[in-house]
Amino acid sequence: MQAFEVKAPHDYHLVNMDPSEPGDGEVCVRVAFAGICGSDMHIIHGDNAFVQFPRITGHEFAGTVERLGPGVSGVEVGSRVCVDPVISCGQCYPCRIGRPNVCSALEVIGVHRNGGFGGSVVVPADNIHRLPDHIGLDAAALVEPYTIAANVLDRMQPHPGDALLILGAGVIGLTLLQMARAMGLDTIIVTDVIDERLAVARELGATHVLNGTHDDVESRILALTHGEGVPLIADAACVPALLPQMLRLASPAGRIGLLGFSATPSELVQLEVIKKELTLVGSRLNNRKFPEVLALIRDGQLDPLALVSHRLPLREMPDAIELLERHPESTRKVLIDIGA
Ligand SMILES: [Zn+2]
Ligand SMILES: [Zn+2]
């Protein structure tokens with residue numbers, strides 16, 4: 001069976017792999033679709049401190065249960081599932097207070113363990129979520145990116161009627177936009193530096209779009225909020241240099257949700273934080289958000305397939321990577337059709 005393996009930074013190829021057997025409490029999932037994420041690109045480029053090589057990446061995937069390990073009940077062979085990549089210990093401080101996504105012994109499927117870009121993958125049975133009947137396996141591969149959005153919005157504690165500024169109109173920016181609309185937020189401003197991406201954000205319901213290269217983002221946003229600033233800011237651009245601007249654009253009592261993984265320091269002016277009593281929160285992966293996202297997709301409140309720009313077979317994975325690197329203006333989620 002073929003799998004996409006990153007052997008070392010910048011060294012990746014398709015390999016033949018024997019499927020592994022599920023152990024106690026595990027199941028083997030035959031992968032149907034897997035999405036390529038920005039963080040897969042970081043692993044490929046050697047910018048992910050957590051990964052050990054060689055690694056079969058992929059943490060956004062859906063498929064069918066193929067085999068059950070000993071002691072697994074409540075799931076049958078043939079069930080259609082998607083997989084929460086977060087594996088936690090249940091014992092440490094964050095686990096004890098209900099924050100398993102920052103477990104001290106955190107393991108992420110596709111980062112610390114082999115993931116979805118193989119024909120089949122062994123995962124803990126606790127990590128699978130059965131799909132409602134009419135959610136396709138392609139759409140289900142996008143549940144994970146929506147859980148990123150659900151998690152950061154939860155961390156930011158929106159109030160009804162709060163305006164939301166989303167920095168970045170890539171896939172995570174767009175999942176945030178759809179999630180925010182599903183939650184009933186009605187003023188959603190999206191910024192990016194690529195007009196094509198902003199056009200998609202507009203189509204998906206952004207009320208205002210601004211291009212940081214030719215719009216005066218700060219004065220426009222202050223005008224839109226009557227000089228008050230924005231109560232909710234979600235950073236899906238993940239550019240460390242933007243933090244000072246986020247602090248300036250936040251309203252008093254505003255909440256800023258950070259998703260970036262950069263080790264580059266950002267400048268933080270304490271005065272802005274204290275005088276407005278801002279809340280800055282980090283958000284990592286997701287804290288048990290799969291059921292909520294699946295319910296929103298089932299109810300037609302989210303449109304995962306609108307985020308898919310390309311579908312390619314696994315054998316074209318190297319081309320898919322090149323496509324994502326060269327064409328940020330025309331790529332959104334690139335889905336790998338594992339069975340094709
Ligand atoms: Zn991802
Ligand atoms: Zn733990």
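This note goes through the metal sites, a pocket, the backbone geometry and some distances in a predicted model.

1. Basis of the note. The model is predicted, so local features need pLDDT of at least 70 and side-chain atom pairs count only at pLDDT 80 or more, while totals for chains, interfaces and linings use all residues. Residues are numbered from 1 along each chain as its sequence is written, chains are lettered from A and ligands numbered from 1 in the order in which they are written, and side-chain values use heavy atoms, with hydrogens and water left out.

2. Over residues 7-336 the chain is 27% helix and 27% strand. Helices (H or I, at least four residues) and strands (E, at least two) are DSSP runs, numbered from the N terminus. The end C-alpha atoms of this stretch are 19 Å apart.

3. Zinc ion (ligand 1). Cys37 (SG), His59 (NE2) and Glu60 (OE) coordinate this ion at 2.1 to 2.4 Å. Donors here are N, O and S atoms within 2.8 Å of the metal (3.2 Å for Na, K and Ca); water is not among the atoms, so sites may look incomplete. The donor residues are spaced C-x21-H-E in sequence. Histidine 59 and glutamate 60 are both buried, where buried means under 20% relative accessible area, exposed over 50% and partly exposed in between (1.4 Å probe, protein chains only).

4. Zinc ion (ligand 2). The protein donors are Cys89 (SG), Cys92 (SG), Cys95 (SG) and Cys103 (SG), lying 2.3 to 2.4 Å from the ion. Along the chain they follow the spacing C-x2-C-x2-C-x7-C. The arrangement is tetrahedral because the 4 donor atoms subtend angles of 103 to 120°; four donors count as tetrahedral if all angles lie between 85 and 135 degrees. Cysteine 89 is partly exposed, with a relative accessible area of 32%, whereas cysteine 92 counts as buried at 12%.

5. Second largest pocket. A pocket is found on a 1 Å grid over the protein atoms alone, as an open set of points where a 1.4 Å probe fits, with protein on both sides within 12 Å along at least five of seven lines; lining residues have an atom within 4 Å of a point. The second largest pocket holds about 330 Å³ of space, the volume being the space filled by probe spheres set on the points, which are joined across faces, edges and corners. Its lining comprises 16 residues, of which Val86, Ile87, Ser88, Asp126 and Asn127 lie nearest its centre. By class there are 6 nonpolar, 6 polar and 4 charged residues. Ala, Val, Leu, Ile, Met, Phe, Trp, Tyr, Cys and Pro count as nonpolar, Asp, Glu, Lys and Arg as charged, and the others, Gly among them, as polar.

6. Valine 86. This residue is in strand E7 (residues 86-87) and is buried, with a relative accessible area of 10%. Its C-alpha atom is separated by 6.2 Å from that of asparagine 101, 15 residues apart along the chain.

7. Backbone points to check. Most residues other than glycine have a negative phi, and most peptide bonds are trans. The bond from phenylalanine 53 to proline 54 is cis, with omega near -5°, and proline 54 is found in the loop between helix H1 (38-44) and strand E4 (55-56). Histidine 226 has a positive phi of about 55°; it is in the loop between helix H7 (217-224) and strand E14 (230-235) and counts as exposed at 75% relative accessibility. Cysteine 238 has a positive phi of about 60°, is found in the loop between E14 and helix H8 (243-249), and is partly exposed at 32%.

8. Distances along and across the chain. Methionine 1 lies in the segment before strand E1 (2-8), and its C-alpha atom is 32 Å from that of aspartate 303, 302 residues apart along the chain. Aspartate 303 lies in the loop between helix H10 (290-298) and strand E17 (308-313) and is partly exposed, at 41%. Aspartate 303 and glutamine 178, 125 residues apart in sequence, are 7.7 Å apart in space, C-alpha to C-alpha. Aspartate 154, in helix H4 (residues 143-156), has its C-alpha atom 9.6 Å from that of glycine 257, 103 residues apart along the chain.

Key:
Four donors count as tetrahedral if all angles lie between 85 and 135 degrees; four count as square planar and six as octahedral if opposite donors are over 155 degrees apart and all others between 65 and 115; anything else is irregular.
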